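I opened this notebook to keep track of what I looked up, one entry at a time. The entries follow the order in which I turned to each topic.

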Amino acid sequence: MSVDTMTEAQRAQADARQVYLDSCTAGDPITGAALAEQFGRRERWGQERIAEARTEARTSEPPAVVLPAGSLPPVTPPRAETAGEDQESSASPWWKPWKRKAVKGPSKRSVRKAQKQQAKAAPAFVRAQAKPVASAAPSAETAQPQPRGAAASAWLALVLGVGASVGANILHTVLVVDGGNAGSIPQVVGAAFWPVALVVAIEVMARVRWPRSLGYALIRFAGVGAVAGVAAVVSYKHMAGLLTYWGEDALSAHLGPIAVDGLVTVGALALLAIHKTRKES
């Protein structure tokens with residue numbers, strides 16, 4: 001099975017077996033508990049990997065000389081000249097340099113060919129040691145944590161934006177639409193529904209482990225986009241109407257809702273980015 005077709009569990013098992021083999025080569029075999037702790041598993045899992053590594057070592061061809069991990073037997077390049085030519089070169093007098101024949105070293109091509117042949121001829125156990133062990137830890141790029149307080153700042157932006165939007169929707173419904181009356185409960189609930197629906201849609205998109213396919217990706221982004229678009233339009237109309245009712249000029253009445261919707265959008269996208277970083281780390 002190639003490395004590209006291995007699952008995460010199979011890759012972790014292969015890495016654990018290689019770690020045990022390397023520890024045996026170093027003369028200090030790792031225990032099952034220590035091996036399981038290194039990969040975040042239980043002790044039984046580490047013992048099973050050790051048993052598999054021992055079985056592979058017994059079935060493979062034992063090396064004549066145990067080499068350090070990451071090395072192959074040295075390659076002895078072939079000589080390019082014969083012994084007769086060497087003797088002739090060394091026997092030529094110094095006053096007859098034209099009779100001397102320079103001894104050429106091996107070419108790069110012959111050295112590479114000899115290295116390939118020797119690598120193929122090496123025992124399986126030595127070739128396994130020469131392969132680099134894939135690190136089970138994530139790369140520095142994916143494992144880089146978010147700065148302290150990033151999630152709190154994102155939630156603060158989202159809560160402030162949603163709170164301003166809900167308050168503006170309710171006040172516009174009570175003061176403007178209903179003519180200053182208290183307003184009925186369905187009217188108040190309906191006015192507050194749209195920003196809350198946006199928050200719930202974002203949480204569903206972030207928390208649910210969706211299958212990786214184009215169809216589910218379209219469903220996720222199209223659904224959240226539709227909810228966000230409707231909530232933005234409705235909230236914009238409510239807030240713009242409320243600001244106009246309070247006597248604000250036309251520019252302020254139309255720019256204020258955009259700032260609130262932008263705050264909600266920034267907070268929501270920040271939460272999605274933080275959630276994605278935590279899943280990859």
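I am working with a predicted model, so I keep to computed values throughout. I placed Lys 108 in helix H5, which covers residues 108–121, and I found that Lys 108 gathers with Arg 109, Arg 112, Lys 113 and Lys 116 in a patch of positive charge on the surface.

I searched the whole structure and found 5 salt bridges. One of them joins the side chains of Arg 17 and Glu 52, at 2.7 Å from N to O; because Arg 17 lies in helix H1 and Glu 52 in helix H3, this pair ties together parts that are 35 residues apart in sequence. I also noted that Arg 44 forms a salt bridge with Glu 48, with the closest N and O atoms 3.6 Å apart, and that these two residues, 4 apart in helix H3, are separated by about one helical turn. Arg 49 meets Glu 48 as well, at 3.7 Å from N to O, and Arg 49 counts as buried at 4% relative accessibility. Through shared partners, salt bridges join Arg 17, Arg 44, Glu 48, Arg 49, Glu 52 and Glu 56 into one network.

I counted 2 aromatic pairs in the structure. The ring centres of Phe 39 and Trp 45 are 5.9 Å apart and their planes stand at 50°, so I recorded that pair as tilted; both Phe 39 and Trp 45 are buried. For Phe 193 and Trp 194 the centres are 5.3 Å apart and the planes stand at 75°, so I recorded that pair as edge-to-face.

Technical notes: Residues are numbered from 1 along each chain as its sequence is written. This is a predicted model: local features need pLDDT of at least 70, side-chain atom pairs count only at pLDDT 80 or more; totals for chains, interfaces and linings use all residues. Side-chain values use heavy atoms; hydrogens and water are left out. Patches are made of residues with over 30% relative accessible area and no salt bridge: like charges are joined within 9 Å, nonpolar side chains (Val, Leu, Ile, Met, Phe, Trp, Tyr) within 5 Å. Accessible areas come from the Shrake-Rupley method with a 1.4 Å probe; for residues, only the protein chains shown count as cover. A salt bridge is a side-chain nitrogen of Lys or Arg within 4 Å of a carboxyl oxygen of Asp or Glu. Lys and Arg count as positive and Asp and Glu as negative; His and the chain ends are not counted. The place of a charge is taken as NZ of Lys, CZ of Arg, CG of Asp or CD of Glu. Rings of Phe, Tyr and Trp (its six-membered ring) pair if their centres lie within 6.5 Å; planes under 30 degrees apart count as stacked, over 60 as edge-to-face and the rest as tilted. Buried means under 20% relative accessible area, exposed over 50%, partly exposed in between (1.4 Å probe, protein chains only).
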